[in-house]
Amino acid sequence: FKDDLSTSPQAFTPMSPYDVDLPIQTTEDVLFGSQFNQLKELPADFSSVDLSFLPDISHGNKEQNLSENNHEMQKELDGSISRNEDSSIFMDEGSLSYPDATQPSPEASGVCPPLTSMTPMTPVTPSSESSGIVPQLQNIVSTVNLACKLDLKNIALHARNAEYNPKRFAAVIMRIREPRTTALIFSSGKMVCTGAKSEEQSRLAARKYARVVQKLGFPAKFLDFKIQNMVGSCDVRFPIRLEGLVLTHQQFSSYEPELFPGLIYRMVKPRIVLLIFVSGKVVLTGAKERSEIYEAFENIYPILKGFKKSS
Amino acid sequence: MAARGSCPACGSAALVEDAHYAQQQLVCAACGCVLAEGLLTTTYTEEEHLREVAYSQSTGQKEQLSRCLQRGIRRVQDLCKVLHLPTMFEETAVSYFQRALQHPSFHLVSLEKKELLGGCCIFVTCRQHNWPLTMGTICSLLYAKQELFASVYLSLQKELGLSVPALSLVDLVKTHLNSFRLFQQAADIPAPFVEDKEKMVARTMQIVELASETWLVTGRHPVPIVTAAAFLSWQSLQPAARLTCTFARFCKLAGVDLPPPAHLRLKELLDILLRMASQLAWLRVFNMDRKTVVKHIGDLLQHRIFLLKNAFCLEDEEEQHDAAPGEGSPGSPPAAQEEGCPSEGKRQHEDSPRPLLPPCLINPRKRLRTAALSSSDSAITGNEPISDSEIEQYLRGPEEIRAFRKAKAWP
């Protein structure tokens with residue numbers, strides 16, 4: 001097997017003759033999920049590198065050859081090796097539990113060099129360190145279909161918490177105290193619920209409005225509840241040079257101090273609009289899911305940090 | 001119509017202009033000799049006009065454009081002439097306007113908005129070439145409401161995907177000061193108030209740069225800052241005669257508007273200058289206030305880099321206090337501690353350098369902080385049962401309805 005290894009010095013093909021179709025890759029995906037999906041250096045023949053963490057039974061010259069190979073691998077796969085270091089801890093446990101994993105015989109195995117034998121490398125810092133700041137949801141807008149025609153005058157008369165001014169707006173404005181929300185109820189039976197601080201609260205509030213309408217004598221149902229917009233806000237805690245930001249991110253930003261004191265940043269992925277202010281407060285809006293807000297903030301935080309060190 | 005001259009063949013004077021098919025020919029009526037034909041005139045047929053026919057007319061270009069578009073283009077061209085813009089700007093603005101009107105979202109807007117659209121195209125063109133034109137100017141030329149202009153401008157920017165660079169404040173200084181009337185002798189302006197334009201422009205630009213370095217410009221409307229800076233620079237060039245003149249009077253004499261935020265900007269600028277003055281060795285002995293610091297603006301501007309570094313702690317990583325004024329800064333550099341600290345009328349905490357932060361962080365407005373979701377709130381699933389009593393609290397009783405009906409006279 002010395003020959004095997006030496007004939008393919010640069011090889012990333014499996015080092016062992018056994019078909020090592022270890023499902024290690026899928027485990028990798030499961031364990032490291034989204035964070036590493038972004039990193040594109042994941043080599044296609046990852047499985048070959050995985051082999052180095054198979055149970056190490058016999059050392060000796062195999063180890064030596066392997067460390068030579070490892071050096072080459074290190075040169076080529078800078079980042080992924082260190083990830084391997086991380087993953088190895090899982091892999092060792094993982095490989096033991098996999099019944100499919102063909103455990104190659106000691107000689108055959110690319111003898112697993114103990115971690116210490118690998119040349120230590122500086123771990124790759126992920127391109128975006130977590131900011132540690134979580135945006136707070138401030139407002140959720142949702143719609144629901146009550147699926148029955150409503151008499152708005154009747155509702156305004158019989159409900160205490162309703163206001164109806166047909167000359168100004170063609171809907172009843174109804175409010176409830178818990179969760180503290182406002183609803184616009186239209187004669188077609190459609191309803192918009194605003195002001196909730198979480199998706200569950202919005203749903204609960206919408207149900208309460210539907211119950212009020214039911215108690216007023218209408219056969220209201222609760223169809224197609226959908227969150228239409230979520231607004232979040234947070235504070236990065238340092239002032240931001242908006243003029244600089246609009247220069248470097250011109251295609252996404254719109255900063256018109258004559259119109260509005262904040263910078264309007266239209267992020268493409270996820271499709272969120274951020275209002276960035278000089279005080280460091282950021283408002284994120286346009287999300288249909290909570291994760292979009294978090295993702296958008298994690299995307300903007302490193303950009304804003306770049307403008308922290310001002311002249 | 002009889003033409004002059006005589007026929008070269010027979011000498012007769014009876015020359016007639018006639019058309020052979022569609023070609024004009026000068027023919028002798030007597031012998032039929034053709035004298036001239038097929039003149040491709042560049043003048044109108046009725047030759048008394050003798051005006052050149054424009055390319056757009058002769059090729060029928062104008063007929064292809066709708067009347068609305070033609071009118072809009074003419075309006076754009078007129079505006080460009082009023083603003084004395086180069087011809088290249090005019091062409092660019094017209095092309096933007098045509099592109100915009102073809103866009104479905106602008107095709108059917110009201111005529112008022114279409115006129116604003118022309119103004120927006122000019123505005124975008126000027127900004128792209130760093131020609132300092134403010135929205136206020138365009139709005140006043142169009143007699144438009146600024147909110148409407150803003151909405152049309154933003155939708156234009158989005159639909160056409162235009163990237164518009166930020167307004168250059170330094171250029172704005174030059175154009176804004178052009179409208180000041182203080183550079184020449186006039187009947188209503190006292191002699192000591194007249195100022196040399198170059199000096200004033202230079203000093204105003206320095207003050208504006210100082211303002212942008214100290215976070216006074218970001219997020220604020222640019223014109224009040226320029227106005228306040230102009231006032232300060234004008235005062236400081238001849239403080240003896242001008243210190244008594246108020247800001248409002250200055251603007252009236254100069255013939256410019258005094259925008260309301262300008263007073264606040266002036267105050268902020270003076271505060272910055274006072275902090276800088278506290279670092280200047282030969283000024284420490286004086287008790288500076290907002291009036292007296294104006295006399296020394298020249299010196300302060302000259303050494304502004306050094307003074308800014310010392311007057312404000314510029315490390316902004318650790319200094320994360322929003323509310324605490326400067327005295328609480330733990331990391332203040334020892335070099336900035338001065339002995340003879342100047343006394344300020346209102347604020348005592350001038351001693352230690354305060355962090356260089358925007359004013360909104362230094363004087364935060366007290367806001368009701370909405371409480372974060374408590375643990376009980378976050379346990380809501382959205383599918384909890386809703387009690388009848390809770391719903392009934394929102395319904396009116398029969399007596400109430402009767403009373404309400406009577407009071408409001410519901411139909």
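Predicted model: local features only at pLDDT ≥ 70, side-chain atom pairs only at ≥ 80, totals over all residues.
Ser198(A) lies in the loop that runs between β5 (190-196) and α7 (199-215) of chain A. Its relative accessible area is 2%. Buried means under 20% relative accessible area, so Ser198(A) counts as buried.

## Chain overview

Chain A contains 9 helices and 10 strands. Of its 311 residues, 46% count as buried. The accessible surface of the chain comes to about 15,400 Å², and carbon and sulfur atoms account for 54% of that area.

Contacts in chain A between residues at least 6 apart in sequence include 67% that join residues at least 24 apart.

## The sheet

Chain A has an open sheet of 10 strands with antiparallel pairing, in the order β2-β3-β4-β5-β1-β6-β10-β9-β8-β7. Its edge strands are β2 (162-164) and β7 (253-255) of chain A, each of which pairs on one side only. On average, neighbouring strands of the sheet are turned by 15° against each other, with direction ignored.

Strands of a sheet pair through backbone hydrogen bonds, in either a parallel or an antiparallel arrangement. In chain A, strand β6 (residues 223-235) and strand β10 (residues 281-287) run antiparallel and are joined by 6 bridges. Opposite Val282(A) in β10(A) stands Cys234(A).

Terms used: Residues numbered from 1 in each chain as written. Chains lettered and ligands numbered in written order. Heavy atoms only, no water. Pairing = 2+ DSSP bridges. Helix = DSSP H or I, 4+ residues; strand = E, 2+ residues; numbered from the N terminus. Axes fitted to C-alpha atoms, helices over the stretch in contact; angles between N-to-C directions. Buried < 20%, exposed > 50% of the residue type's maximum accessible area, 1.4 Å probe, protein only. Contact = heavy atoms within 4.5 Å. Areas by Shrake-Rupley, 256 points an atom, 1.4 Å probe, with all protein chains shown as cover.
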